[in-house]
Amino acid sequence: MSNVPEQQYPYPGQPAPYQQQPTPDHQKRGNPFGLVALIVGIVAIVGCAIPIVNNVSIVLGIIALIFGIVGLIVKNRRRGLAITGVVLGALSVIVGLSTQALYSSALDSVSKSISSASADAFDKEHTVKVEVTGNSTDANISYSTDGGSEQASNPKLPFSKTLTVHGDTFGTVTATNGQTGDSVTCTVSVDGKQVSKNTATGQYASASCDYDN
């Protein structure tokens, strides 16, 4: 004879034994964690692609992820807002980090280009030609560049001097008549291109040519 009790069934009209049923979604309470995750996630996603602002968006995205995950864990709470907050938070973090890397790479490229251009400009060789014309027999000529200065007393006109300089070229040329001569003219050319010219007339008149190229 078996000692296993037979399964008891309720008599007609008697309520069935209690069994816990899952709570329908429309009866679940609101989810404050999910709401916070949604709000923070929206703010984070708005600025995640903007330089500098994306740093804040990454932090906000992490906060949205944390609140969203907590909102998914708590029981008997609606999870729609939490899920949306998690998605927005994750996207803002991913986009923020990606744009940071992109902007950083672009800045590095621009910086290297500027440095390379500056180095090329500094190392570039230029030919500076100084010329003085006139009919004075006792003129005085002085000229200077970034590499130094020189002077020529009582030179025979026309006078010319070719200089080789590196990097930016700048300087001045001054030609002064003595007691003789009606006019004196100075001219400066850089790499074959005339950049300055000036003429003065009369005794002891000075013509000056400044240049910066």
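Guide: One term before we start: two strands pair if DSSP finds at least two bridges between them. Also, keep in mind that this is a predicted model.

Visitor: Fine. How many helices and strands does the chain have?
Guide: Three helices and eight strands. Along the sequence the pattern reads α-α-α-β-β-β-β-β-β-β-β.

Visitor: How many bridges join E1 to E6?
Guide: Seven. Strand E1 covers residues 125-134, strand E6 covers residues 183-190, and the two run antiparallel. As an example, Val132 has Cys186 in E6 as its bridge partner.

Visitor: What holds such strands together, in general?
Guide: Strands of a sheet pair through backbone hydrogen bonds, either parallel or antiparallel.

Visitor: What is the strand order in the open sheet of four strands?
Guide: E4-E1-E6-E7, with antiparallel pairing. Strand E4 (159-166) and strand E7 (193-201) stand at the edges. Each has a single partner strand, so one side of each is left without a neighbour in the sheet. From one strand to the next, the twist averages 15 degrees.

Visitor: Now E5. Which strands is E5 joined to by bridges?
Guide: E2 and E8 are both joined to E5. Strand E2 (residues 140-145) runs antiparallel to E5, with six bridges between them. Strand E8 (residues 206-212) is also antiparallel to E5, through seven bridges.

Visitor: Buried or exposed?
Guide: Buried. The relative accessibility of Asn177 is 2%, and the cut-off for buried is under 20%.

Visitor: Which residues is Asn177 in contact with, leaving aside neighbours within four places in sequence?
Guide: Ser136, Asp138, Asp182, Ser183, Val184, Ala200, Gly202, Gln203, Tyr204 and Ala205.

Visitor: Switching to charges. How many salt bridges does a search of the whole structure find?
Guide: One. Lys129 forms a salt bridge with Glu131, and the closest N and O atoms are 4.0 Å apart.

Visitor: How accessible are Lys129 and Glu131?
Guide: Lys129 counts as partly exposed, at 35% relative accessibility. Glu131 counts as partly exposed too, at 28%.

Visitor: On to the helices. Which residues form the nonpolar patch on the surface?
Guide: Phe33, Val36, Val59, Ile62, Ile63, Ile66 and Phe67. Together they have about 530 Å² of accessible area.

Visitor: Which helices supply at least two residues each?
Guide: Helix H1 (32-47) and helix H2 (53-73). The largest share, five residues, comes from H2.

Visitor: Pick one of the Phe residues for me.
Guide: Take Phe67, in helix H2. Phe67 is partly exposed, with a relative accessible area of 30%.

Visitor: And H3? Where does Ser92 stand, buried or exposed?
Guide: Buried, with a relative accessible area of 0%. Ser92 has its place in helix H3. Leaving aside neighbours within four places in sequence, Ser92 is in contact with Ala44, Ile45, Cys48, Ser57 and Gly61.

Visitor: What about Thr84?
Guide: Thr84 is also in helix H3 (residues 80-123). Thr84 is partly exposed, at 35% relative accessible area. The C-alpha atoms of Thr84 and Gly68 are separated by 7.9 Å, with the two residues 16 apart along the chain.

Visitor: Last bit, whole-chain numbers. What share of the residues is buried?
Guide: 29% of the 213 residues.

Visitor: What about contacts with a separation of 6 or more?
Guide: Residues 24 or more positions apart account for 64% of those contacts.

Key. Residues numbered from 1 in each chain as written. Predicted model: local features only at pLDDT ≥ 70, side-chain atom pairs only at ≥ 80, totals over all residues. Heavy atoms only, no water. Patch = residues over 30% accessible without salt bridge, like charges linked within 9 Å, V, L, I, M, F, W, Y side chains within 5 Å. Areas by Shrake-Rupley, 256 points an atom, 1.4 Å probe, with all protein chains shown as cover. Salt bridge = Lys/Arg side-chain N within 4 Å of Asp/Glu carboxyl O. Buried < 20%, exposed > 50% of the residue type's maximum accessible area, 1.4 Å probe, protein only. Contact = heavy atoms within 4.5 Å. Axes fitted to C-alpha atoms, helices over the stretch in contact; angles between N-to-C directions.
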